[in-house]
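Please keep the model open while reading.

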Amino acid sequence: MTEIAPYGSWRSPISADLLVSKTVRLAEPCLDGEYLYWLESRPWEKGRTVIVRQHLQQLQEQPQAPPQTRKSAQDILPLPLNARSRVHEYGGGSYCVADGIVYFVLYDDQRLYRLDTNLNTAFARSTPEPLTPPGERRYADLSLDKPRNRLLCVCEDHSEHGEPRNSIVAISLGKLDAGALDPGTPAPSSTLPQTLVQGEDFYSNARVSPDGTRLSWLSWQHPDMPWDNTRCWVAELDTQGRPQRPKCIAGGNNESVFQPQWSPGGELFFVSDRTNWWNIYRWADSGGAGEQGSDIDAVTNLEAEFATPQWVFGMSTYGFISDDTLIACYTQAGTWNLVRIDTTTNTLTSIETELTHIAGLCCRDTHGGVATWLGASPTRADAVWYYNPSLLTGQQLTQVKTTGVQLDPKLVSHPRAIRFPSADQRVSHGFFYPPTNPDFAAADTDRPPLIVLCHGGPTGATESSLNPKTQYWTSRGFAVLDVNYSGSTGYGRHYREQLLGNWGVADVEDVCAGAKFLVDEGLVDGARLAIKGGSAGGYTVLAALTFKQTFKAGASHYGIGDLETLARDTHKFESRYLDKLIGPYPRQRQRYWERSPIHHCDQLNCPVIFFQGLEDKVVPPAQAEAMVNALRGKRIPVAYVPFAGEGHGFRQGESIKRALEGELYFYAKIFGISPTDSIEPLTIDHLRS
């Protein structure tokens, strides 16, 4: 029997404990020989990232068996080792595998290590061998140069004062020692990396052609971000493996190039937004020195995006299953699609799946051509998928590993894509999630409280796949609006550029317009509107609460309150990001002051809760603490929840649980809701009874 209860107070089995104890973060699936590999970040192990592998034969024998019934996958990284890069602070591309040998970055010291799984069958007792000496260098974006038996990667050198220096380097692999060394100690075989490319601010995607004769890579300079303006280079490699006569084949002049990749036959493909939309192109090397772009052919021509903003290394949206066939994914109107592309005719054929989000696509031209990716749908949480088109229909697609949470379908709120008008005749986008719980309903005259979500970036995007944290709210009777405000990826370069010079204005107008749209539609309670976001999304939260009167409460997760401090103090990767989003600093210092919530707390008159990692190098804790002190001085209800040992984003189970439950506790106190959850109270300064 359905129980009538106020929105926000519904009893839900989707608890914070469930999300913490069952959920893993999946990343970077890849294929090597008879195995499929991926990364798992585990909250119950304090966010440790583990390299895991599954034998392909087990998938082929039982392709439709649930992952939990198959022979379990194997951890190949022993406790307490953590595979995670800190280049650009966000990392990515922290491992690669070739012929059973795993190369990875150890989080604790940022050195490169090698683990030969062919020599070790008792994985828990295997010990990696360091390849690089101790020091202040960090590594990411690993790839193999097999003909020269060396590892290529991006190196970020912090050994000198000032900004770290980025370069593309090679690490000689030499001969693998049978006896491994203890991690953390110098290895006789470890050597300083050989610098191959240097002189620009940033690099990524160093890849050697199949015949070993050429090297391709991406580069970009301050103040550009990789989704603004990158250049794609190709150089010949001499007998010593050094690049010679580099040629820029694409990019520059406000063109973003993404994921240059060689086909098995030696042709170079890449993704470019030169026509507003990120599409796939091929470089037809004529051997001449003609005008840049004269040798470029379009493979796809859709009003869709075959790329995402390169916040981390190792991102991939396409790959080859044969010399003339690739598998690719693209997003259109917030939904991801999977296609097979014949590169001889540039013909696209849809691959039917229920997935609406696809990322980390990795392909191999072995086993008749296979692929793996991360994928999710509105009813399925993120999972590792394996695709073998040579199998019978119905057996080609296999779910290998899920994030762990299995939700009752009756509890799942299905998103509705909405478009709504905003300021200056703009149209913005979002996904609306209504309250959903089969055991509860509210009075006909009641309307649910609304939580507006602001994604990070701000050049990021939200999508419609199942997020258990969103369902945590909707199953308790909250409505949720996840906004792709102006500047978000997935709607073309022109939509992204609407935020240039307008951060703190256009995004704020859009989130307020989205909330007002739902109020006008009679779908939510206009007196109980909350807004939350992390990082750049946290800035949109604080700016909306300060400069507008739409919302009645907010939650800032490691958000930005002082733009000027961010411009001066943040890490290299984002140190000039605001030049385009706000204006060049310090020349536009007045604009930074005008848009910084910390300087306008006299306009902020509603309750806010702040969650902050004390080890955050991207948005230092001083940002949150200054805002908290300002609100305390005004005697406005405010709560501050710091987390020791956490950086930019929370990885430890205890932190994730406390942030989720603490936010519910805060909203309940502010909106007069009586949740059924047993939550440890937190201190809310100046809370009026």
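## Confidence

pLDDT is the predictor's confidence in each residue, from 0 to 100. The chain averages a pLDDT of 92. At least 70 is reached by 93% of the residues.

This is a predicted model: local features need pLDDT of at least 70, side-chain atom pairs count only at pLDDT 80 or more, and totals for chains, interfaces and linings use all residues. Residues are numbered from 1 along each chain as its sequence is written, and side-chain values use heavy atoms, with hydrogens and water left out.

Residues 120-125 stay under 50 in pLDDT. The model gives them 9 contacts (heavy atoms within 4.5 Å) beyond four places in sequence. Residues 176-188 also stay under 50; they have 31 such contacts.

## Nonpolar cores

A nonpolar core is a set of buried (under 20% relative accessible area, 1.4 Å probe, protein chains only) Ala, Val, Leu, Ile, Met, Phe, Trp, Tyr and Cys residues joined through side-chain atoms within 4.5 Å. The largest has 75 residues. Ile280, Trp503, Val511 and Phe551 touch the most other members.

## Second largest pocket

A pocket is an open set of points on a 1 Å grid over the protein atoms alone, where a 1.4 Å probe fits, with protein on both sides within 12 Å along at least five of seven lines. Lining residues have an atom within 4 Å of a point. The second largest pocket is lined by 43 residues. Ser143, Arg207, Gln261, Cys363 and Arg364 lie nearest its centre.

Definitions and conventions: Buried means under 20% relative accessible area, exposed over 50%, partly exposed in between (1.4 Å probe, protein chains only).
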